[in-house]
Structure formats: C-alpha cells, structure tokens
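Dear colleague,

Please find the structure below for your records. My findings follow it.

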Amino acid sequence: MSVLAGYQREIYFDGLRGVLPVLPTDLGALERVAAERLEPRAFGYVAGAAGTESTARANRDAFERRRIVPRMLSGVTEPDIAVELFGEPMASPVLLGPVGVLTIMHPDGELAVARAAAGLATTMVLSTASGHPMEEVAEANAGGRRWYQLYWPKGRDLAESFLERALAAGYRTLVVTLDNHTLAWRPRDLDHSYLPFLRGVGIANYVTDPVFQKAIGHPVGEHYLRDAAMAWAAVFGDPSLTWDDLPFLRRHWDGPIVLKGILHADDARRAADAGMDGVVVSNHGGRQADGAIAALDALPAVAAAVGDRLTVLFDSGIRTGSDVIKAMALGARAVLLARPYAYGLGLAGEAGVRHVVRSLLADLSITMTVCGIPVLREVTADVLAGS
Ligand SMILES: Cc1cc2nc3c(=O)[nH]c(=O)nc-3n(C[C@H](O)[C@H](O)[C@H](O)COP(=O)(O)O)c2cc1C
Ligand SMILES: O=C(O)C(=O)c1ccccc1
C-alpha cells in the first residue's frame with residue numbers, strides 16, 4: 001500500500017482537477033446532509049428509531065467506548081479484508097443489510113442498490129419489504145451474490161411462495177428477521193402519520209405474489225393499491241411464532257439460514273440447537289425495542305456462546321472502518337450496513353451507494369494499515385484497549 005490507497009487516491013487526485021467527492025466521506029456526516037436535502041418524512045423514516053431513540057444512541061456510544069490500540073512496525077502493506085461465509089469467499093466483510101421501502105429514497109430503490117453491489121463485489125441482502133419485486137432486483141444484480149431477508153408473514157403458503165421465488169431468483173442465503181413482527185412505537189413516523197407501506201410503497205413482493213393475489217381475490221393494479229396495502233398490514237408479521245416453528249424454514253430453504261435480531265446468548269444457543277447456520281446480532285438499529293441493549297454490547301456473549309457452532313454476523317451502528325474492526329474483534333465474522341447506504345441512495349442514486357461502500361472499505365483497509373492489523377478475519381479482542 002502506498003501513502004495513498006485506492007478510493008482515497010482517486011478522491012485526492014480528482015481534487016487536483018477541481019472535482020470533489022459526490023457526497024461527504026464521513027458516513028456519520030452523511031446523515032446531516034440527508035436531513036437537509038431529503039423529503040422530511042422519508043428522511044425521518046430512515047433516520048428514526050423507537051421511543052426516545054435511546055437504543056439508537058446506545059449503539060453508537062458502544063462503539064465510542066471501545067478503543068483500538070494501534071501497533072507499530074507491523075509491516076502491513078496490503079491489509080487483507082477478505083472473509084469466508086458459509087463456504088463462499090467474500091471480497092470484504094461488509095454486506096448491504098436489508099432495508100425495506102428504499103423507493104422512498106430514490107425511485108430506482110433496490111434496483112440501484114443491486115447494480116451498485118454487483119459492481120463492487122459486495123453482497124446485498126434484499127428485504128421482503130422491497131419497492132421492486134425480488135425477481136427484478138435479481139436481474140439488476142446479475143453476476144452478483146445476493147441473500148434474501150424474510151419477513152415471515154401470517155400464512156404458511158405465502159411464506160412458502162416467497163421462499164420458492166427467492167430460490168428461483170438465485171438468492172442463496174436466507175436471513176429471517178425476528179425482531180420486527182410488530183412495528184414499534186416510532187414517534188417520528190407517528191408525528192408525520194407516515195408509514196410508506198400503508199400508501200402501497202414497499203409491498204412489491206406481495207402484490208406480485210400469486211398467493212397474496214389469491215387471498216385478496218383479484219390481481220393488484222394501481223386501482224387496488226389501497227386494498228393491497230390493507231391486506232399487507234393484515235399479513236405482514238406473525239407475533240405468535242415460536243422456536244417450534246423453525247423446522248418449516250429448513251423444509252423450504254435449500255441453503256444457509258441466519259436469524260436476525262439476536263441479542264441474548266440463550267437465544268443464540270437455541271438457534272444453534274434448531275440447526276440454524278448463523279445469527280445477526282442486531283437491535284434493528286434501535287428501531288424496535290427502545291431501551292434495549294446496544295448491539296455491540298450484546299455481541300461478546302453471543303460470540304462466546306455460539307461462535308464455534310454458528311456464523312455470527314453483526315449490525316446496528318456501523319459507520320466507519322474502525323467500527324468494522326471493533327465488531328470483528330468482538331466476535332463478528334462480517335457486518336451489515338444499513339442507514340448510510342440508504343442515505344447515499346437518496347442523495348445520489350446508484351453513485352451514492354457506490355460512494356458509501358467504497359468509502360467504508362477504503363477507510364477499513366487504511367485503518368488496518370495504520371493500526372498494524374494485517375488480516376481482518378484473524379482480528380481478536382487483543383486489538384482493543386483493556387483486553
Ligand atoms: C429504513 C429502514 C428500513 C429497514 N428495513 C428492514 C427490513 O426490511 N428488514 C430487516 O431485516 N431490517 C430492516 N432494517 C434494519 C436494518 O437491516 C439494520 O438492522 C439496522 O438499520 C441497523 O443498521 P444501521 O445502524 O447501519 O442502520 C431497516 C432499517 C432502516 C433504517
Ligand atoms: O422500518 C423497518 O425497520 C423495517 O424493518 C420495515 C418493516 C416493514 C416494512 C418496511 C421496513
């Protein structure tokens with residue numbers, strides 16, 4: 001690695017020609033720009049969290065509290081950020097996590113994210129609540145690697161249909177989100193009376209689904225969007241699900257299964273006992289249980305409990321390269337990014353998503369070099385102060 005690396009070099013050399021980066025390179029600052037430029041209700045939906053937003057703040061605070069201790073004369077010239085997940089080599093440990101209703105950020109929504117992800121060799125996790133049908137997103141992601149996130153609906157036949165369609169469209173790993181069967185108390189959206197799906201946004205996978213269409217008794221054209229949105233609200237989540245329901249997933253998914261929203265070591269053990277392949281330690285970015293533990297604070301106990309049996313992934317608060325290092329040092333094998341790329345999309349479409357991912361990966365590699373960390377997948381808590 002020379003003094004300047006990759007995207008960093010590109011940005012400085014563009015600057016010599018008077019060309020500045022499309023968006024801020026500090027992904028925390030991106031939120032401030034998004035607040036100024038995006039439609040206020042749509043911005044509020046993405047930025048917001050549950051209740052007093054104390055868990056969202058705790059997520060960031062947990063990163064702030066951990067400190068890396070850089071090591072000198074480590075001779076790191078080419079930091080290695082590659083990982084392997086479920087037997088598949090991945091160029092980096094950063095996945096684009098599931099974010100629903102991305103069309104409130106940009107009309108191309110998930111299609112733009114899919115194109116950006118394919119071009120950058122990063123993996124996208126497509127939400128069930130996408131604004132474009134999963135088959136079209138898969139086409140936009142041709143040549144890329146993609147995972148599918150299930151919001152497990154009421155009605156086994158609809159869940160089965162989603163899983164069948166996702167497999168047919170080439171999604172390989174299933175992420176089942178457990179922490180949002182019921183939308184939380186989110187004051188920003190309540191005060192705006194703004195829920196995109198009730199206006200028919202983010203329900204593309206439902207309205208294109210034969211099982212869903214049959215349930216509402218007719219195909220869904222524009223004219224019927226209101227009916228469809230109400231039908232969506234009736235089937236979206238199923239709070240009655242328990243650990244006993246998990247075998248259904250295995251019967252209908254031919255690939256790795258990851259449970260998202262795990263915060264307790266006992267829940268992680270139950271996931272392993274149920275034959276799952278991984279967990280995402282996550283509190284949904286503080287959007288569900290306000291007052292919940294910071295996701296990073298939950299990570300060490302989960303990793304200690306199941307790190308040898310399951311692939312432990314992490315999200316909720318990743319904004320910088322050192323955040324990725326900290327999460328991996330505490331036991332994550334890879335991380336998911338959410339709000340920053342949604343802002344990138346809202347502010348500059350596909351180019352904005354590319355900018356966000358390239359910035360984070362450049363920051364990660366450079367931070368490894370300046371901290372003397374040669375191989376990210378081998379990092380341990382030893383790199384953190386107090387360990
Ligand atoms: C606008 C928005 C929509 C989201 N939609 C989904 C979703 O459809 N499925 C899901 O599992 N998680 C969803 N999440 C949660 C994210 O995947 C992630 O867990 C969370 O945002 C934490 O990451 P962050 O701090 O990088 O934003 C959503 C988050 C946001 C901000
Ligand atoms: O807003 C969210 O956090 C979320 O997960 C969601 C739920 C339903 C539809 C779209 C997004």
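Predicted model: local features only at pLDDT ≥ 70, side-chain atom pairs only at ≥ 80, totals over all residues.

Residues are numbered from 1 along each chain as its sequence is written, while chains are lettered from A and ligands numbered from 1 in the order in which they are written.

Around ligand 2 are G100, V101, A129, N180, F197, G202, H284 and R287 (C-beta atom, placed from the backbone, within 6 Å of the ligand).

An unreviewed UniProt entry lists Y45, Y151, R186, K260, H284 and R287 under "binding site"; such annotations may be inferred rather than shown by experiment, and the positions are in the numbering used here, with feature names shortened.

Y45 belongs to helix α3, residues 40-47 (a DSSP run of H or I, at least four residues; strands are runs of E, at least two; both are numbered from the N terminus). Y45 is buried because it has 23 C-beta neighbours inside 10 Å (20 or more other C-beta atoms within 10 Å count as buried). Beyond four places in sequence, Y45 is in contact with I104, D189, Y194 and P196 (C-beta atoms, placed from the backbone, within 7 Å).

R186 sits in the loop between β6 (173-177) and α8 (187-192). R186 is also buried, with 21 other C-beta atoms within 10 Å, and its contacts beyond four places in sequence are G48, A50 and R287.

Y171 lies in the loop between α7 (156-168) and β6 and is buried, with 26 C-beta neighbours inside 10 Å.

Kind regards

Conventions
Buried ≥ 20, exposed ≤ 12 C-beta atoms within 10 Å, placed from the backbone. Contact = placed C-beta atoms within 7 Å.
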